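Visitor: I would like to go through this model step by step. Please show it before we start.

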Amino acid sequence: MQFLQVMWLGASATLFALWVWMLCREMVQLSRDARHWRSAYSGTSSAIRMPISQLRRFFGKSDHQRQRRRLAALTAALLGVNAFGVVIWPSGLG
């Protein structure tokens, strides 16, 4: 394997691990917020509306803006690294 391909694999794996960690962290936080909101307003709304309202709150409120930007930056970086991998990786594997 060429040096550039090894570096690409390392960067791709690292970015993917960071992306998965960040996404899981945000999903757990959204779940906690939904459970907290549900306990505060128990019985007033259906079970499906609460997670949807939390997603709306995540994408609409400014208190989650930093997390959204980080996740968007990691997604863009991961897509960029994958696009670069198409360029450096040989097209035929056999």
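Visitor: Which pattern does the protein follow, read along the sequence?
Guide: This is a predicted model, in which local features need pLDDT of at least 70, side-chain atom pairs count only at pLDDT 80 or more, and totals for chains, interfaces and linings use all residues. Residues are numbered from 1 along each chain as its sequence is written, and side-chain values use heavy atoms, with hydrogens and water left out. Helices (H or I, at least four residues) and strands (E, at least two) are DSSP runs, numbered from the N terminus. The protein has three helices and zero strands, and the pattern along the sequence is α-α-α.

Visitor: How far apart are the end C-alpha atoms of α3?
Guide: The expected span of a helix is 1.5 Å times one less than its number of residues. For the 24 residues of α3 that gives 34 Å, and the distance between its end C-alpha atoms agrees: 34 Å.

Visitor: Against which element do the buried residues of α3 pack?
Guide: In α3 the buried residues are L71, L74, L78, V81, G85 and I88. One of them, L71, is in contact (heavy atoms within 4.5 Å) with W19, M22 and L23, leaving aside neighbours within four places in sequence. The buried residues of α3 pack against α1.

Visitor: Which side chain of opposite charge is nearest to E26, and how far away is it?
Guide: E26 lies in helix α1 (residues 3–40) and is one of the buried residues there, among them Q5, S12 and L30. Lys and Arg count as positive and Asp and Glu as negative, with His and the chain ends not counted; a salt bridge needs a side-chain nitrogen of Lys or Arg within 4 Å of a carboxyl oxygen of Asp or Glu. E26 has no salt bridge, and the nearest side chain of opposite charge, at 4.1 Å, is R25.

Visitor: Which residues does E26 touch, not counting those up to four places away in sequence?
Guide: E26 is buried. Beyond the residues up to four places away in sequence, E26 touches F58 and Q67.

Definitions and conventions. Buried < 20%, exposed > 50% of the residue type's maximum accessible area, 1.4 Å probe, protein only.
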